[in-house]
Structures are given as structure tokens and as C-alpha cells.
Amino acid sequence: MTVLHETRHRRRKEKTYKLFWRAGFVAVIILLCTGVFFIPQPRVHYINITGAKPASVASLEQAIRQYISGRTLFVYPRDSMVLLRLPTLEHTIMTSYPQFSQLHVIRKFPSTLVVSVREHETAGIWCASDSDVQSCFFV
């Protein structure tokens, strides 16, 4: 009986050690993966804007900084170069700035976003006046 009891005890002990090491390994992997998003090196520090008129550059940079100042899933910083969703950023900027005909955002590691802008060519201004509101549009 004692040999059988010792064998069961040894097996249970081996299973416990294996479970402990596997859980520890998974915990370390999760901590490492999560920690990558919080270290300051792979975050957006610089924004280079090309192709925009000087009046648009400051407001465009401010809009981009405001967009990346938030968090993804309420936890991860949105200014992480790894987690930053460029199509979403491009769509947000294009809807905020209708004077842009094209906008491309490129990551330049470790901490720079390169924004290439092409503005619509202005041929004239068309103004329509409704009763109390006057609306003007670039043509």
C-alpha cells in the first residue's frame, strides 16, 4: 500500500509543479506583452507633416495629438506605435479637414509619424445665402 500511495503522491506533486511552471510562464508572457505597450520608446513623439499649407500644419498636428492622447480598450495608450491604427487616424483627419484630397500616415520607427497631405486646388469660393445663414464653400 505504501508504494502505491507514494506513487500517487509523486504523480500529484509532479502535476502540481508542471501546472505551477506553466501558469508562471503564461503570466510572464502576458506581463511582457502588456509591458511593451507602456514603455516610452515606441510611442509617438514627433509628427512630420508635409504638403499642407502653413496655416493647416499647426491645427493638423494638434488634431493628431488629440487623437493619439486617448486610450485603446480603456487601458493601452493610443500613442503606441504598435497599437496605433493608421486607417482610423486617416479617416478621422479626412472627416475633420475637408480641404484635404489625400492623406497618408506612415510610421517611422521608433517614434515618428510622417503625414503626407494633398489639398484640393481652390478655383473659387461659392457662397449661398439662406434666410439667416450664409454658407461659403471652396470650389
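Visitor: Which residue does glutamate 61 form a salt bridge with?
Guide: Glutamate 61 pairs with arginine 65, and the closest N and O atoms are 3.5 Å apart. A salt bridge here is a side-chain nitrogen of Lys or Arg within 4 Å of a carboxyl oxygen of Asp or Glu. This is a predicted model, where local features need pLDDT of at least 70 and side-chain atom pairs count only at pLDDT 80 or more, while totals for chains, interfaces and linings use all residues. Residues are numbered from 1 along each chain as its sequence is written, and side-chain values use heavy atoms, with hydrogens and water left out.

Visitor: Why are glutamate 61 and arginine 65 separated by about one helical turn?
Guide: Because they are four residues apart in helix 2, residues 54–68. Helices (H or I, at least four residues) and strands (E, at least two) are DSSP runs, numbered from the N terminus.

Visitor: How many salt bridges does a search of the whole structure find?
Guide: Two. One of them joins the side chains of aspartate 79 and arginine 43, at 3.7 Å from N to O. This pair links distant parts of the chain, 36 residues apart: aspartate 79 is in the loop between strand 3 (76–77) and helix 3 (86–96), and arginine 43 is in the loop between helix 1 and strand 1 (46–50). Both aspartate 79 and arginine 43 are buried.

Visitor: New topic. Which residues form the positive surface patch?
Guide: Arg8, Arg10, Arg11, Arg12, Lys15, Lys18 and Arg22. Patch members have over 30% relative accessible area and no salt bridge; like charges are joined within 9 Å, and nonpolar side chains (Val, Leu, Ile, Met, Phe, Trp, Tyr) within 5 Å. Arginine 8 lies in helix 1, residues 2–36, and is exposed, with a relative accessible area of 51%.

Visitor: What makes up the nonpolar surface patch?
Guide: Phe25, Val26, Val28, Ile29, Ile30 and Leu32, covering about 570 Å². Areas come from the Shrake-Rupley method with a 1.4 Å probe, and for residues only the protein chains shown count as cover. Isoleucine 29 is also found in helix 1 and is partly exposed at 36%.

Visitor: Where is the cis peptide bond?
Guide: A cis peptide bond joins phenylalanine 109 and proline 110, with omega about 15°. Most peptide bonds are trans. Proline 110 sits in the loop between strand 4 (100–108) and strand 5.

Visitor: What does threonine 112 touch, beyond its neighbours within four places in sequence?
Guide: Tyr46, Asn48, Met81, Ile106 and Arg107, where contact means heavy atoms within 4.5 Å. Threonine 112 belongs to strand 5, residues 112–119, and counts as buried with a relative accessible area of 13%.

Visitor: And which residues does phenylalanine 137 touch?
Guide: Not counting residues up to four places away in sequence, phenylalanine 137 touches Gly124, Ile125 and Trp126. Its C-alpha atom is 5.6 Å from that of isoleucine 125, twelve residues apart along the chain. Phenylalanine 137 is in strand 7, residues 134–138.

Visitor: Last one: how many helices and strands does the protein have?
Guide: Three helices and seven strands, running α-β-α-β-β-α-β-β-β-β from the N terminus on. Buried residues make up 22% of the 139 residues.

Conventions. Lys, Arg positive; Asp, Glu negative; His and termini not counted. Charge placed at Lys NZ, Arg CZ, Asp CG, Glu CD. Buried < 20%, exposed > 50% of the residue type's maximum accessible area, 1.4 Å probe, protein only.
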